[in-house]
Amino acid sequence: MLKVGIVGLPNVGKSTLFNALLKRQQALVANYPFATIEPNVGIVEVPDKRLKVLGEISKSVKIVPATVEFVDIAGLVAGAATGAGLGNKFLTHIRDVDVILQVLRDFDDPDIVWAREGDLPAGRQGVDPKTDYEVIETELILKDLETIIKSRESKDLKQKGFEKKRALVEKLYDGFNTGRPSRTLLVGEEVELARDLFLLTMKKEIKVFNVSEDDKRIQMDSGSEPGMTDGGLYICAKIESELSSLSEEDGKAYMKELGIGESGLDKLIRKAYTTLGLISFLTTGVTESRAWTVSKGTKAPQAASVIHTDFEKKFIKAKVCVYDQFVANGGWKEASEKGKVRFEGKEYLVRDGDVVEFMIGA
């Protein structure tokens, strides 16, 4: 399951956004076998309209969407790398997630205290998501620098045969000292070589600009703020909280009124999939219609192992039909008769939306 860690300075709207996720989780609780979930974890379905269609065709007893786990990580403050606030506990939680979601305050409200009041660089005033982002990024870099300093002192690294790793550590040490995260420093085989260092700044990240209710940017798919080159999502956490408490029909009416085509949370999940290069293949039958998450470029046997670990070694072939063709022909039987079903072997790369039935040996 994809695991997303929500981080941000105090009072940026992080908890409001997470609470919206929790409300959605509670609305879906009857459909999921999660008996006990920690208060800081929310399990949310990946929106996929294709499943309902497949369920109707196959007369499935149940629909099982893919899910995303959101982890609400306590608010970060400057100095966390050296123990300020929750310090190391915060940073340890980040190690466990697949992607970091940084919530950045992009609204003004005199009733909400600034977490970094009086700490703005010269020339920056008021709402400043760039500075918020830099505080978080700096703490992650400092924590990674601490890791690299320990590696530099390791006796193993000084032995013969560790020349590449030694050069890598030095490159990271120099980069961190100039304020650069590892994701901008490492290329090619360096990425794999650095895997056992568990660097926080190697994780993919998504920026969420938390804006006010009347901000028209919520109608945009994505965008960037001054001084920030890569795009993020504009979401109003307050609106998301309101949407999560409405019925599906009322929610659609409210979004239409706001001029948005989909909720910010749905955009967020889609962005997480895109950022990590994930896709969903589909299975369908009388028992259930279900979405399964794999990385783009996954071969059929490895995709089968997501369903059951034994399926990879017992894999024979995969029966595959493109979703649109499966629907147009009303299921496996007609699609097969019209030549729209193929049988693929071990080298087949599963694609997003493939409707698959795996042939497994004894």
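**A walk through the chain**

Of the 362 residues in the chain, 48% are buried. The model is a predicted one. The chain holds 13 helices and 12 strands. Among contacts with a separation of 6 or more, 67% link residues 24 or more positions apart. The accessible surface comes to about 18600 Å². Carbon and sulfur atoms supply 51% of that surface.

Start with the open sheet. It is built from 6 strands, in the order S2-S4-S1-S5-S6-S7. The pairing is mixed. Strand S2 (41-45) and strand S7 (233-235) stand at the edges. Each has a single partner strand, so one side of each lacks a neighbour in the sheet. From one strand to the next, the twist averages 30°.

Now look at one pair within this sheet. Strand S5 (residues 99-105) and strand S6 (residues 204-210) run in the parallel sense. They pair over 7 bridges. To find one of them, take Gln102: its bridge partner in S6 is Lys207.

Helix H4 (residues 129-152) lies across S5 and S6, and also across strand S1 (2-7). H4 runs at about 145° to S5. The loop between S5 and H4 contains Asp128. Is Asp128 buried or exposed? Its relative accessible area is 10%. Buried means under 20%, so Asp128 counts as buried. Asp128 also comes back towards Arg105 in the following sense: 23 residues separate the two in sequence, and their C-alpha atoms are 7.4 Å apart in space.

Next, turn to helix H2 (residues 50-58). Its buried residues are Arg50, Leu51, Leu54, Gly55 and Ser58. What covers the buried residues of H2? The cover includes strand S3 (62-64), strand S8 (278-284) and strand S9 (288-295). It also includes helix H12 (323-328) and strand S12 (354-360). After H2 comes Lys59, with a positive phi near 55°.

In S8, 7 of the 7 residues are buried, so the strand is largely enclosed by the rest of the structure. In a regular strand, side chains alternate between the two faces of the sheet. Both faces of S8 are covered. On one side, Leu278, Ser280, Leu282 and Thr284 are buried. On the other, Ile279, Phe281 and Thr283 are buried.

S8 also has a partner in S9. The two strands run antiparallel and are joined by 7 bridges. A hairpin links S8 to S9 through 3 residues.

The last stop is helix H7 (residues 237-244). Here 6 of the 8 residues are buried, so H7 is largely enclosed by the rest of the structure. The buried residues are Ala237, Ile239, Glu240, Ser241, Leu243 and Ser244.

Key: Residues are numbered from 1 along each chain as its sequence is written. This is a predicted model: local features need pLDDT of at least 70, side-chain atom pairs count only at pLDDT 80 or more; totals for chains, interfaces and linings use all residues. Side-chain values use heavy atoms; hydrogens and water are left out. Two strands pair if DSSP finds at least two bridges between them. Helices (H or I, at least four residues) and strands (E, at least two) are DSSP runs, numbered from the N terminus. Axes are lines fitted to C-alpha atoms, for helices over the stretch in contact, and angles run from 0 to 180 degrees between N-to-C directions. Contact means heavy atoms within 4.5 Å. Buried means under 20% relative accessible area, exposed over 50%, partly exposed in between (1.4 Å probe, protein chains only). Accessible areas come from the Shrake-Rupley method with a 1.4 Å probe; for residues, only the protein chains shown count as cover.
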